[in-house]
Amino acid sequence: MKLNTKLYKEQIKKWPQTGHHIMAQFDEEKVIVYQSYRPEIGKFAAKNQFFGGAFSLNRMTWIKPNFLWMMYRNGWGVKEGQEVVLAIHLKREVFERYLHDAVYSSYQADIYNDRDDWQNAVQNSNIRLQWDPDHDPYGTKLERRAIQLGIRNEDIKKYAKDDILEIEDISAFVREQHQYVLNHELDKLIVPLERPYLPKDKSVSDRLKISVL
């Protein structure tokens with residue numbers, strides 16, 4: 001596995017406790033995002049290094065840069081249809097484009113002139129944005145908000161093949177770490193190394209309401 005990892009208990013000492021933050025593992029080349037699929041889709045993607053086969057290009061797909069939010073969503077890979085957990089090495093410039101193009105999935109009165117303005121933005125963008133409560137390893141809701149991005153139409157076609165540097169199947173790692181959660185041994189829990197991500201364009205940060213440390 002190519003992800004950088006660190007003990008959960010050591011990381012939470014540095015993580016922000018409140019606010020809107022894009023918690024992620026990233027460098028100048030890439031940003032790691034996570035998805036979970038049924039084996040038919042997930043194993044195909046990991047083997048072939050692109051999304052194809054049973055993967056649908058006609059429905060929105062959601063990516064999450066925050067590992068523990070993904071674990072909350074997929075039940076640590078136990079939920080039916082989400083057994084294969086993928087770490088996707090997404091080109092950083094693509095992630096930046098997603099943030100730039102993202103439109104909130106719900107109306108924001110402080111951003112859009114009115115609901116018609118928001119609906120028009122929704123229709124003209126292939127990227128959706130949602131802020132949801134982040135969660136700890138047990139699934140307890142936190143004050144900090146976590147981001148997820150939805151991709152559709154032409155962007156999902158580019159995402160499936162052109163925008164990804166590598167696809168890793170991390171299901172075995174997830175199962176291993178899940179045992180520490182089940183045994184209430186968080187001192188042993190290892191998770192991907194993450195830190196707050198800030199878009200290069202400050203106007204994007206402002207529009208996405210990203211908290212500044």
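This report covers the strand pairing and helix packing of a predicted model.

β3 and β5 (residues 84-91) are joined by eight bridges, in the antiparallel sense. Within this pairing, Y34 has A87 of β5 as its bridge partner.

## Four-stranded sheet

Another open sheet is built from four strands, ordered β4-β8-β7-β6. Here the pairing is mixed. Strands in a sheet pair through backbone hydrogen bonds, and they may do so parallel or antiparallel.

The edge strands of this sheet are β4 (61-63) and β6 (103-104). Each pairs on one side only. β4 pairs with β8 (residues 141-151) in the antiparallel sense, over three bridges. In that pair, W62 stands opposite G150 of β8.

Two helices are described here. Helix α3 (residues 67-74) lies across β7 (127-135) and β8. Its direction runs at about 85° to β7.

Helix α4 (residues 92-101) also packs on the sheet. The strands that α4 touches are β4, β6, β7 and β8. The direction of α4 makes about 100° with that of β8.

Note on methods: Residues numbered from 1 in each chain as written. Predicted model: local features only at pLDDT ≥ 70, side-chain atom pairs only at ≥ 80, totals over all residues. Heavy atoms only, no water. Pairing = 2+ DSSP bridges. Contact = heavy atoms within 4.5 Å. Axes fitted to C-alpha atoms, helices over the stretch in contact; angles between N-to-C directions.
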